[in-house]
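Subject: Structure handover

Hello,

Please find the structure below. My notes on it follow.

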Amino acid sequence: MATRAPEMASAVPALTPERPVTWPKRTRARLSNGLEVVLAEAHSIPKFHGELLFRAGEALVSDRSVGLAEMTSTVLRTGTAKRNSRRIEEDLRRLGADLGTSAGQDTSAISFAGLSEFAEPLLELVNELSRDASFPPPEFERERRQKLEEVKMERTSPGFLAGERLRKVLFGSHPYARVSPTEQQVAAYRREDLEQVYREIYTPENALLLMVGDFDPQTMLNLAEKTFGNWTGKKPAAKEAPALPAFHGRRVYLVHNPGSVQTQILVGCHAITRKHPDWIRLGLTNSLYGGAFNSRLVMNIREDKGYTYSPRSGVSPLRHHGYFSVSAAVRNEVVAASLTEIFYELDKLRSLLVPPAELADAQNYLTGMFSMGLATQEGLLSQFATVALNELPLDYLETYRDKVRALTSEDLLATARKYFDSANMQIVVVGDRAQVQQQALLFGDTEVYNAQGERLE
Amino acid sequence: MTQLQIPIHSSTLANGLRVVIVPDTTAPVVTVGVYYKIGFRLEPQGRSGFAHLFEHMMFQGSENAPKMQHIKLINSSGGVLNGSTMYDVTNYYEAVPSNALERVLWLEADRMRALQVDEENLTNQRDVVKEEVRVNVLNQPYGGFPWLDMPPVAFRNWANAHNFYGDFADLDAASLADVQKFFRTYYLPNNAVLLMLGDVNPQEGQALAEKYFGPISAGAAPPFADPTEPPQTEERRGYVQEKFGTLPAMAIGYVLPPRRTHDWYAMVLLDQALHGGRAGRIHRELVLEKQIAVEADGGVDDVFGYNGPSQMTTRILHKPEYSAEQTLVAFDEVLREVQQKGITDEELSQLKVKWRSDYYSTLEGGRGGYMPRYGLMHLLACFSLFDNEPQLVNTVLQSFLAVQREQIQAVANKYLRPENRAIVFRAPVGKDAKEAA
C-alpha cells in the first residue's frame, strides 16, 4: 500500500504520567422546606445546567394505568396558573433556555439549561411548573391524541419491540414490566388522573435540585431558597412490589415483524442496582464482554465475522432491580450463528480467567471514560445525579477509579459466574418469522408474538 | 453580555497539514481530530457509498498498527474513538486522558501515512456497512427520511443527488484498488486538518504534530468535481413508500443562499424562527395550534459543516385524517405569514439570545456525553478547510447578532419560493404516496 514516509517510529509511544483527576467541589444543602440541593461550579461556558428530580415515576402509579407519569410530565409544561403554553415556550427562548420534562420508572424530571445571566427567571419558571401546573384541558386533549399516534408508531420499531418484550419477560407482574401503554389505555386517560399523579410525585420532600455551571454556589443557593423555599408537600408512601419471575433454562420469544430485512436480537437476565456492592465489578466485566468497542463481543461478531454493525451489552439499573442485556441487529441468515457467539463469549468469561493484559486494558478504559464526564457541565450533572439519586457514598466519584483498579481476574471470573447466567437467559428476537423461527428454535422453546403483543403460538 | 473567547493556535506544516490547538485544562482530557476534506458528495460516480465504506477501512489497520490495534490502543488508554462521513468532510476523532496524546497522534499519523488493509478487511467491513444501512434505513420506520430521500428529488448534479449510504451493488463493486486510489487521492496532509483540544500545551502539541505528521509527504492537490447545480425553475416533487411506519410523512426542502453571505446569516435566523423547537412557528402552528401534524421539525442541519448546495428541510408526520395537500397548505400559510408581515423586534431579539446560548453549547458540547468539545472541533475543522480561517469560531456569532428584522422578511421572500424547493412525500404502504399527495 502507498507509503508516504519511510522513517516512521514503529513503536507505540508509551503513556506519559497521568494528570490527577479532580472532581469539582459539591455544595450540598437542604432548603427550609426539606428540598435537597446539590450545586457545583463549572465555568466552561457562561451557562448552567440543572435538574429538578423527583424520586418517583411510572412504577408508583402504573397500577392505575401505564404511562401516566410520562403523560403528566408531558402536559405539565403546557400551562401554569400564570402562563399559557405559548408564553412558556417564548419565555424559554427569551432566556436562551432549553427545558425538558420526562418520567422513567423511578424518577420524574424537569431538566433545564440556560444562560447564567438569566438564572433567576429560569428558576422561577421551573418553580411554577413544579408546583402550579394547570393542565389546561385542550392541551391535555391534544397531547393525548399525539400519544395515541406515538404508541401506534413505536410498535413499528424493532428496537422498541425487543426492549418491551424483554422487560415483560424479566419482570412479569412487577411494575417494571410495563413499558408503554396500549391505545385503549391512552384513550382512557383522564386529566384528573394526571393532576393526581402531579400532586403525589411533584413535592419538595420527594425532590432533589441539582445545578452545575457558571455561577457562585452561595448566590445560587440563596436564589434557590428564595425561589423554592416556601413550597410544601410530603413524599408519597413507598409501595410493595411483587417478586420477579425465576427462570429455569433458556426460552425464546419471537416477535414477528413481517418483511423485516434484519433481525434484532436481545438477550437478558436479572442483575443488580447501582447501590449493590458488586456494581463496579459487574461494570468492568460487562465492559470487557460487550461494553466497549474493543470488547470481546464486538471484536467477534463485528470485526471478525461482520454479522452486525453495533453489538453491545449493558447493565440497566432501575431503583429496585437491574438487568443485564446483550443486543445486536444481525442479518437474517446469521441469527443462530450470532446467538452461538453471544453465549460462547459469556461462557468463556465464566470458564477462564481474563489474561492480565486484557484486564489492565479494560480497567484503563473504564477509568479513562469516567474522566470524560468532567469536561462538560452536562457530564458533571449526570455523574452528580447518579450519586445523589442512588444514595451512593459521598466519595463515590473520588474513589471509583481506585476500586476499578483493585479488581483482579479472579474477581471477574466470580462476577461472570454470578451474573452472566448464560444457561437461563431469556432470548428475544424481532424479525420475520419465516426467516428466523427455525434458527431461534435451536436455543429453546419458542413463544411467538405479533407487534401488538398478542401471542400467536 | 458575556463573550466567550476561545484561544486558538493555528499553523500549517511544510507538507500542508493544518494544525489547530485549543488549550483548556479544565479536565485532564484531550480531544484529537483529523478531518479530511472529502465527503460523500464528491465520491466517485459508480461508487455510491464509497466515502463512508472507506471511512470504515481507516479502522482496519495501518503499517505499524494492524487490524484491531487502533481500537484496542485507544480504548486501553482510557479513551473513545469514532469517525463519521459527512457531505464534504470525513472525520476521525478520539477523546482520551491527556497522558495518551502522543499515542493518539502516532496512530493518526500512521494511518494518514500508510493505510494497510486487505481483501478480508474489505469484505468484513462491507458486511458491517450493509448491516449499518439495514439498521438505520432498510429495517427502520422512516429510515433515511429525509436525508436519503431528498437529494435525488431536489438535485440534478450527481454529486448532490446520489445515495450517500450507497446502493448495495455499488458497495459490492468496490475493490481494494478503489480503496488504494481513494486513499492516495484524498487522504493527504495537504487535504486535512489536525486538531487538539483540551489538556494540551500548545508548544508541546505543535512539536508532536511536527514529529509524527511532519515526515508525511504532501501529494498533488486533489481534483474535486464541481457540485454546482443547474438553475431550478419549478417546484420538484418525489414519492417514496414507507414500509413500516403508520403515518403519512413529507419533507420540504429549500435551497440555502451561499454560505457566509448576508442572506445566509439572515436565513439561518429565519430557520430558527420557523424550526426553533416548540416556540418555532412551524411546530406551533402545525402541531400545537392546528393539530394537523404529529411531528413538524427540522431546519438547517449542521449549519457550518457543508461546502456545497444545501437545504433547510422541514420534516412533517401528519395525522391520516388530513391529506398531504391540506398539510402543505397549512405549511405554506406559516411561510406566507413571515413573507407578508415579517417578524417582530421582540421575536428577533429572542431568536438571537437563543442562538447565542445554543452556540455556547455547541462549543462545549460533546457527542453522547463522552466526546467533549466535539462541537468546537467540528467548527474549527470546517472553518479551517472551507474558509482557511479557524478564528471564525470567535467572530461568526457577531454576524448572526447583526442581522436586522428587514433582512429576515427579505430572505423569506427571496428563498422560500416554490421554484427553490423540493418536496418528498413518504406514505405508508397500501396508500399510494402519489395519490395521498
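A salt bridge here is a side-chain nitrogen of Lys or Arg within 4 Å of a carboxyl oxygen of Asp or Glu. By that rule, 10 salt bridges are counted between chain B and chain A. One of the pairs with such a bridge is R94(A) and E346(B), whose side chains meet at 2.7 Å, N to O. Helix α13 of chain B (residues 345–364) supplies 12 residues, the largest share of the side of chain B that touches chain A. Helices (H or I, at least four residues) and strands (E, at least two) are DSSP runs, numbered from the N terminus.

Before the rest, two notes on conventions. This is a predicted model, in which local features need pLDDT of at least 70 and side-chain atom pairs count only at pLDDT 80 or more, while totals for chains, interfaces and linings use all residues. Residues are numbered from 1 along each chain as its sequence is written, chains are lettered from A and ligands numbered from 1 in the order in which they are written, and side-chain values use heavy atoms, with hydrogens and water left out.

The interface

Contact (heavy atoms within 4.5 Å) joins 96 residues of chain B to 81 residues of chain A. The two chains bury about 8,000 Å² between them, with 57% of it on carbon and sulfur atoms. Buried area is the accessible area (1.4 Å probe) that two parts lose on being put together, summed over both. In chain B, the residues that lose the most area to chain A are N99(B), R278(B) and E364(B), together 9% of what that side buries.

There are also 35 residue pairs in polar contact between chain B and chain A, both at pLDDT 80 or more. A polar contact is a pair of N or O atoms within 3.5 Å; within protein, one must be able to donate a hydrogen and the other to accept it, and residues adjacent in sequence count only if both atoms are side-chain atoms.

Chain A

S111(A) is found in strand β5 (residues 108–115). Is S111(A) buried or partly exposed? S111(A) counts as partly exposed because its relative accessibility is 23%; buried means under 20% relative accessible area, exposed over 50%, partly exposed in between (1.4 Å probe, protein chains only). Not counting residues up to four places away in sequence, S111(A) touches G50(A), E51(A), D98(A), L99(A) and G100(A). With E51(A) there is a side-chain to side-chain polar contact of 3.4 Å.

Helix α11 of chain A (residues 296–304) has eight of its nine residues buried, so it is largely enclosed by the rest of the structure. Just after α11(A), G306(A) takes a positive phi of about 65 degrees.

Chain B

In helix α3 of chain B (residues 101–113), 13 of 13 residues are buried.

N394(B) belongs to helix α15 (residues 392–401) and is buried, at a relative accessible area of 13%. A polar atom of the N394(B) side chain lies 2.8 Å from the backbone oxygen of I6(B). Beyond four places in sequence, the contacts of N394(B) are L4(B), Q5(B), I6(B) and I8(B).

R421(B) lies in strand β11 (residues 421–428) and is buried, with a relative accessible area of 5%. The R421(B) side chain makes a polar contact with that of E235(B), at 2.7 Å. Residues in contact with R421(B), leaving aside neighbours within four places in sequence, include Y254(B), L328(B), F331(B) and D332(B).

Regards

Definitions and conventions
The expected span of a helix is 1.5 Å times one less than its number of residues.
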